[in-house]
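Reader: I'm new to reading protein structures. Could you walk me through a few features and show me how to think about each one?

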Amino acid sequence: MQAASREQKRTGWRVPRITRIGAALLGCLVLALALRVWGVGFGLPQLYYWDEPTVVNRAMRFGTGDLNPHYFYYPTLYMYVLFAATGVFFVAGRVTGAFGSAQEFAKAYFVEPTGVYMAARVTTVLVGVLAIWAVYQLGKRYFNARVGLVAGLLLAVSPLHVTHSHVAITDVPHALLICLATLACYGVLTRGRARDYALAGLLIGLGTATKYLAIMNLATLGLAHLLSDESWFRPRFAWRRLLVWAVSSPLLWLGVAMTLVGFFVGSPYNFIDFRDFVADFRSQMGLSAGGAGQGALLLRCTIADLGWPACLFALFGLFRMLAKPTRSTWIFLCFSTIYGLEMLTISKSFSRYLLPQLAFIVVTAAYGFTQVAELVGRSLAPRAHQLVIATSLLLTVAWPLSLSVTWDHLQATKTDTRTVALVWADKQLPLGSAVSMQSLYGRTFDNVPLVTDKTLSRLERVLPDQGRMGQVRQSVLATWQARHVLRELPWSDDPNVLERVGARYLFVTSAYGDPSPAMASWLAHSGKLLRRFEPGLPMLLRTLNLSGRELLPVIPPALSVYELNDASPSARPSK
């Protein structure tokens, strides 16, 4: 303190004092950064995560000058962010001499996209680290600093958050903006200033411009507005007068208006190209409608992600919140409750759908942890109490931390089985061989990224053919055509169809489970197993079984390559 005072007198600047909480938060941020940077280049230059090319490709297309994505399954805010990030990468390349022109940059992207995807992934890494700070603030604001710190630590080591911070998709920034909007709603509840309403509405709009379900946070804003009136807690009050006041309040409508502003700023073509937006939005909703819900999947993923200790603390924390609810408690629980109910109605679910709720789960678990610590502390001496708390916290984070470290080490040190199989296929299969790859909805991200005639056809469709980019198109196509190109035939789970199309080599992946008995019997009699590629997963990942694959979808699959004994003449490779 004396040294700080002397420095202040000498320079006139006040030297900030780092508290224990501040130092611990800094440690959480450093840990989060390390876990998210480690292995961030997994798979490259191959792309093994479904939605990553969907987002990055459209971000790159903005470089043509057309900022309309012509695709509204996702809104465009994070695509614009990634466009800016790749722009920074391009400028850095021009300065260092890596790219002589925009055309060279475009060719590099289509031929060797590692640099662009690394720039996009590092952007998501930074967003993921920022989420740790946001969760700390959420826990601190609604409860206290200790709750925020424990919540930040839990999110920092969460395998679900770590793995999805490795890929350039919208889910991690979507969850961050939901957390920030809920944080702003606390200001609406406690201060009720116009700037609080405007900030909360703007963040909700920007979240919706990242992924549509963030619009549910309008309910949190509305509830914060209602509960800001103390008359809710009086024995008698005029319901009708209160509701009229709530609906007619200009502050509430300011928040709603700023939501629209934020949505327009982040995704303007949803308004400009409104007809296509409605069509794509209906199609997106149709993919998830008509099912019984996937609540059990998300529950399994939560347990596999945080471990039983944290989940039990979360249950206890929720019980304590509901036992003596406050106005801030209802605001805190509003979004996660509505979002959880929505997840019960959709027919298809993925582990990343848990990310918007994860911040609220870890804060609830942290609240339960601190409540247990207070109860235990009443019967222990101070030093024994501190030792029990430290030991309990280490045991709570041991599972998610070990899982995240194991996954990072696997991605950073092991070559993906799909990449190994690709190298093998280029060396062993004759040029032009007829192959059929097991796929899902016609997409082969979970199989070997072979270069086939269909690959070239898809590339021709997306490459521009006008102006200077026409020369880029010819150069890119010539580079791809010089690679080991095979002939791709449709995949079917029906052996009769595979025989009819005339495939010579079959590529089967474990990502979709074991083959059906009929398929397994047919492969045993009509095919020869040429090679099997095992991922060699560490024991910790193998113990997760089904929950683990649901939780960590980018775990390398096992691959099997079969040669059919009775291939038709049309399937035999040309000489």
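Reader: Let's start with cysteines. How many disulfides are there?

Author: Keep in mind that this is a predicted model. To call a disulfide, you look for two cysteine sulfur atoms within 2.5 Å of each other. By that rule the count here is zero. Take C185: the nearest cysteine sulfur belongs to C334 and is 8.4 Å away, so with a cut-off of 2.5 Å, C185 is in no disulfide.

Reader: And is C185 buried or exposed?

Author: Buried means under 20% relative accessible area. C185 comes out at 0%, so it counts as buried. C179 is buried too, with a relative accessible area of 2%.

Reader: Okay, helices next. How do I check a helix's length?

Author: Multiply 1.5 Å by one less than the number of residues, and compare that with the distance between the end C-alpha atoms. Helix α10 covers residues 194-208, which is 15 residues, so it should span 21 Å; its end C-alpha atoms are 21 Å apart, which agrees.

Reader: How many residues of α10 are buried?

Author: 11 of the 15, so α10 is mostly covered. Among the buried ones are Y197, L203, I204 and L206.

Reader: What do those buried residues pack against?

Author: They pack against four helices: α4, α9 (171-190), α11 (217-227) and α13 (250-266).

Reader: Which residue has a positive phi although it is not a glycine?

Author: That's H70, where phi is about 55 degrees. You'll find H70 in the loop between α3 and α4. While you're looking at backbone angles, check the peptide bond from L44 to P45: it is cis, with omega near 10 degrees. P45 sits in the loop between α2 (20-37) and α3 (52-61).

Reader: Which strands does β5 pair with?

Author: One is β3 (residues 505-509), which pairs with β5 in the antiparallel sense over five bridges. Within that pairing, V508 has S560 as its bridge partner. Another is β4 (residues 527-533), also antiparallel to β5, over six bridges. There, K528 stands opposite E563.

Reader: E563 is a glutamate, so why does it count as buried?

Author: The label comes from the accessibility number: at 18%, E563 is under the 20% cut-off, so it counts as buried.

Reader: What does the side chain of E563 make a polar contact with?

Author: The side chain of R504, at 2.6 Å. Leaving aside neighbours within four places in sequence, E563 is in contact with R504, Y505, S526, G527, K528 and L530.

How values were computed:
Residues numbered from 1 in each chain as written. Predicted model: local features only at pLDDT ≥ 70, side-chain atom pairs only at ≥ 80, totals over all residues. Heavy atoms only, no water. Buried < 20%, exposed > 50% of the residue type's maximum accessible area, 1.4 Å probe, protein only. Polar contact = N/O pair within 3.5 Å; in protein donor to acceptor, adjacent residues only side chain to side chain. Contact = heavy atoms within 4.5 Å. Helix = DSSP H or I, 4+ residues; strand = E, 2+ residues; numbered from the N terminus. Pairing = 2+ DSSP bridges.
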